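This report walks through selected features of one protein and its ligand. Please keep the sequence and the structure in view while reading.

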Amino acid sequence: MAQPCDDLTGRVALVVGGSGGIGAATARQLARAGARIVIGYHQGRTAATALLSELPGTGHRAMLVAIDDSASIRRLADEIADAYGRLDILVNAAGMTRAIPHDDLDALDDATIDRVFAVNLRGPLATIRALKPLLQATGDAVVVNISSTSAFTGRGSNIAYAAAKAGLDTLTRSLARALAPAIRVVGVSPGSVETDFVPGRDREALQRQARASPLQRVIEPDDVARAVLACVTHLKAATGIRIVVDGGSHL
Ligand SMILES: NC(=O)c1ccc[n+]([C@@H]2O[C@H](COP(=O)([O-])OP(=O)(O)OC[C@H]3O[C@@H](n4cnc5c(N)ncnc54)[C@H](OP(=O)(O)O)[C@@H]3O)[C@@H](O)[C@H]2O)c1
C-alpha cells in the first residue's frame, strides 16, 4: 500500500533555527509525522538539547550552524551527509531583527543593515546552495522558507528586515523555478508570532495587534508549524507559493 502523504517515516528534515520558537514547534510537528529531525542551532545549544530529548521517535540530532558563515553551513551539510546520507526537507526558520522606528534612518546604521541581510536573506540562500546536492538526490524534496508579512506590508520591526524578507520571497519564487522538479520551494509568512524574536516586544503588544486583526487571535508558533507541515505533506503540487499565517492582520 502507498505511504499516506502525511506520513514522513524514513524522511530526514533539517530545521535551521530549530532552537527558536517557530523552529522548535516545526521540529515537533515533523517528528510527530515520523521524520528524523536535525535541529540546527546557533547560540541556543541548551534549547536544542532540551528539544532533542522531548521529540517523539528516534534518529534526531542537534547540529551547530551559523547561517551568516558559509563555511559553517558547508560543515553542516557534510555532517548531515555522513550521519544520514540524505535530506528530504529543509526548513529555513532562523532569523534576527531589532526594533527600529521606520523614520529613524540614523539608527539603521550600515552594520545593522548588513547583519539583517546576512542572516535573513543571504543565510537561507547559502543554506539552500550547500544542501542542494543532498536535496536533489531524493528527487522529491521540499524547502520551506519562513518569511514574514513584513515582506509585502513593509511594516514590522525595521525596514531592512522587511526588505530582507521581501528578498527572501523573491528567492522562493526564483528557486522554485530553478530547482524544479526535484525540489519544491515554498514560503510561509507569519504575522507577529508569540516568541522572543523581537527584543523588547511583550505579550501585551501581541494581544493589542491580535484584537485589531480579523481573527482576533494571537498567532502561536504551532500555527506556523502546522502551515509548514501542510506545505511538506499535503501541498505536493505547489511550488513558489506563499502561505500567510497572520489571522488576517495584513487585510
Ligand atoms: N516571531 C515573529 O513575530 C515572527 C514573525 C514573522 C516571521 N518570523 C520569522 O520566523 C523565524 C523564526 O523566528 P522565531 O519567532 O522562532 O524567533 P526566535 O525564537 O528568536 O528564533 C530565532 C532562531 O534563529 C536562529 N538564529 C539567529 N541567528 C542565527 C545565525 N546567525 N545562525 C544560525 N541560526 C541563527 C536562532 O538560533 P539560536 O537561538 O540557537 O542562536 C533561533 O533558533 C525567523 O525567520 C523570523 O524572521 C517571526
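## A buried aspartate and its partners

In this predicted model, Asp 223 has a relative accessible area of 12%, and because a residue under 20% is classed as buried, Asp 223 counts as buried. Asp 223 belongs to helix H8, which covers residues 221-233.

The side chain of Asp 223 takes part in polar contacts with two arginine side chains, one of them at 2.5 Å to Arg 217 and the other at 2.9 Å to Arg 226.

## The surroundings of the ligand

Around the ligand there is a shell of 30 residues, among which Ser 19, Gln 43, Gly 44, Tyr 161 and Thr 195 are the closest. Sorted by class, this shell holds 13 nonpolar and 13 polar residues, together with 4 charged ones. At least two residues of the shell come from each of three helices, namely H1 (21-32), H4 (110-138) and H6 (159-179).

From Ser 19, a polar atom of the side chain lies 2.6 Å from a ligand oxygen, while in the case of Ile 22 a polar atom of the backbone is 2.8 Å from an oxygen atom of the ligand. Arg 201 contributes an N or O atom of its side chain, which is 2.9 Å from an oxygen atom of the ligand. Considered alone, the ligand would expose 890 Å², and 90% of that area is buried by the protein.

## An aromatic pair

How many aromatic pairs does a search of the whole structure find? The search finds 1 such pair, and it is formed by Tyr 161 and Phe 197, whose ring centres are 5.7 Å apart, with an angle of 50° between the planes, so that the pair is tilted. The two partners are 36 residues apart and link distant parts of the chain, since Tyr 161 sits in helix H6, whereas Phe 197 is in the loop between strand E6 (183-190) and helix H7 (203-211).

## A charge over a ring, and a buried histidine

Elsewhere, the charged end of Arg 61 is placed over the ring of Tyr 84, at 5.8 Å from the centre of that ring.

His 60 is found in the loop between helix H2 (45-54) and strand E3 (61-64). Is His 60 buried or exposed? Its relative accessibility is 13%, and His 60 therefore counts as buried. Although His 60 and Ile 37 are 23 residues apart along the chain, their C-alpha atoms are separated by 4.7 Å.

## Backbone details in two loops

The loop between H7 and H8 contains Gln 216, whose phi is near 50°, a positive value in a residue that is not glycine. With a relative accessible area of 58%, Gln 216 is exposed, in contrast to Asp 223, which is buried.

Definitions and conventions. Residues numbered from 1 in each chain as written. Predicted model: local features only at pLDDT ≥ 70, side-chain atom pairs only at ≥ 80, totals over all residues. Heavy atoms only, no water. Near = heavy atom within 4 Å. Polar contact = N/O pair within 3.5 Å; in protein donor to acceptor, adjacent residues only side chain to side chain. Areas by Shrake-Rupley, 256 points an atom, 1.4 Å probe, with all protein chains shown as cover. Helix = DSSP H or I, 4+ residues; strand = E, 2+ residues; numbered from the N terminus. Nonpolar A, V, L, I, M, F, W, Y, C, P; charged D, E, K, R; others polar. Phe/Tyr/Trp six-rings, centres within 6.5 Å; stacked < 30°, edge-to-face > 60°. Lys NZ or Arg CZ within 6 Å of the ring centre and 35° of its normal. Buried < 20%, exposed > 50% of the residue type's maximum accessible area, 1.4 Å probe, protein only.
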